[in-house]
Amino acid sequence: MKALRLQQWKSDPVLVEVDEPVPGHGQVVVRVGGSGACHSDLHLMRDFDAGQLPWGPPFTLGHENAGWVHAVGAGVVGLEAGQPVAVYGSWGCGACPRCRLGIETYCEDPAGAPVPGGGGGLGLDGGMAELMLVPDARHLVPLPDGLEPVEAAPLTDAGLTPYHAVRRSWPKLYPGATAVVIGVGGLGHLAVQILKATTAAQVIAVDTRVDALALARQEGADHAVQAGDRITEEIRDAAGGHGADLVLDCVGSTATLALGAAVARPLGDLTIIGIAGGTLPVSFFSVPFELSVQTTYWGSRPELEEVLNLAGRGLVRATTTTFPLEQAAEAYRRLEAGEITGRAVVVPAPR
Ligand SMILES: [Zn+2]
Ligand SMILES: [Zn+2]
């Protein structure tokens, strides 16, 4: 079969022929109906040198995946061929306290994982191929009725990541509270919907791109403001003058972090989910009092079930542009050029 593989660090991925995977004991092979092209994959292609991460190429890209059960290994129960499933993408050891809660992103025994701190498309073969080997059946979450794999795939990362970040701030998002979403791309356009579906907070979306602001309004944002000279005042005005209870920074640059701190309310949360790598100086007078600043990484398996539940009920829906596997490299090119509205999803195996 064909697979889009990262062959070495600091290179573009290439479509090459690979062997079809065969499931071993406890493992499952999924026929991939959707594999999202994530901004973090561009970092994998551009930023890393050998030895910086505990894993490396070659591997097949694609860490947000859904499809149909294709073949199960010995010992797998409760899954049958043809069943639609989403793949929980962070593969931990499965046995430590965090993994037992389904928070495999924060596995405490990475040496016991299939690859330390990675998963399919992150050191191991991902979903940009017709078939994908999933090393343990626990990583598969059945799709709710009516939700197609191509719709579910982006939810496993672009949906799960903001869902996890929003969920931990729920107690601060009472009616009358304000949430600001900075960056309305793959994660941000889902963050807006998740906030509207799960809280009564007013939602303000921020982006530099007119298309992204239109998308934010379409997804239910109460205000969509273009980043410019008066952005801080405009956000504070929209937030009733007192700042935002949650700022969700889907970019993570030094500029967006500074904006986040400038518009946050005392006692609020500033949560960084974008990996642009910016920094925020913290000192007694530089940030609002009792502002909690945190990074979050991806989400838990139970939270993935919750995101899929929202999608199955029509409350959250990823805006996607689809590409056949043969054009997967083009999907990344357009993502890098800022030409994708919502999420680019590669479809290796059409329904
Ligand atoms: Zn990602
Ligand atoms: Zn673990």
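Biologist: Which side chains does the polar contact of 2.9 Å join?

Modeller: In this predicted model, the contact pairs the side chain of Q294 with that of R168, at 2.9 Å. The side chain of Q294 also reaches a backbone atom, the oxygen of S292, at 3.1 Å.

Biologist: Where is the place of Q294, and is Q294 buried or exposed?

Modeller: Q294 belongs to strand 16, which covers residues 292-295. A residue is called buried when its relative accessible area is under 20%. Q294 has 14% relative accessibility and therefore counts as buried.

Biologist: With which residues is Q294 in contact, leaving aside its neighbours within four places in sequence?

Modeller: These are R168, D269, L270, T271 and I272.

Biologist: Let us turn to the metals. Which residues coordinate the zinc ion (ligand 2)?

Modeller: The SG atoms of C93, C96, C99 and C107 coordinate this zinc ion (ligand 2), at 2.3 to 2.4 Å. Along the sequence, these donor residues follow the spacing C-x2-C-x2-C-x7-C. C93 is in the loop between strand 6 (84-87) and helix 2 (97-100), while C107 is in the loop between helix 2 and strand 7 (119-120), so this pair ties together parts that are 14 residues apart in sequence.

Biologist: Why is the arrangement around the zinc ion (ligand 2) tetrahedral?

Modeller: The ideal angle for four tetrahedral donors is 109.5 degrees. Around the zinc ion (ligand 2), the four donor atoms subtend angles of 104 to 119 degrees, and the arrangement is therefore tetrahedral.

Biologist: How many disulfides does the structure hold?

Modeller: The structure holds zero disulfides.

Biologist: What are the protein donors of the zinc ion (ligand 1)?

Modeller: They are C38 through SG, H63 through NE2 and D157 through OD, lying 1.8 to 2.2 Å from the zinc ion (ligand 1). The spacing of these donor residues in sequence is C-x24-H-x93-D. H63 lies in the loop between strand 4 (59-60) and strand 5 (65-72), and D157 in the loop between helix 3 (149-152) and helix 4 (160-167); the pair therefore ties together parts that are 94 residues apart in sequence. Both H63 and D157 are buried.

Note on methods: Residues are numbered from 1 along each chain as its sequence is written. Chains are lettered from A and ligands numbered from 1 in the order in which they are written. This is a predicted model: local features need pLDDT of at least 70, side-chain atom pairs count only at pLDDT 80 or more; totals for chains, interfaces and linings use all residues. Side-chain values use heavy atoms; hydrogens and water are left out. Donors are N, O and S atoms within 2.8 Å of the metal (3.2 Å for Na, K and Ca); water is not among the atoms, so sites may look incomplete. Four donors count as tetrahedral if all angles lie between 85 and 135 degrees; four count as square planar and six as octahedral if opposite donors are over 155 degrees apart and all others between 65 and 115; anything else is irregular. Helices (H or I, at least four residues) and strands (E, at least two) are DSSP runs, numbered from the N terminus. Buried means under 20% relative accessible area, exposed over 50%, partly exposed in between (1.4 Å probe, protein chains only). A polar contact is a pair of N or O atoms within 3.5 Å; within protein, one must be able to donate a hydrogen and the other to accept it, and residues adjacent in sequence count only if both atoms are side-chain atoms. Contact means heavy atoms within 4.5 Å. A disulfide is a pair of cysteine sulfur atoms within 2.5 Å.
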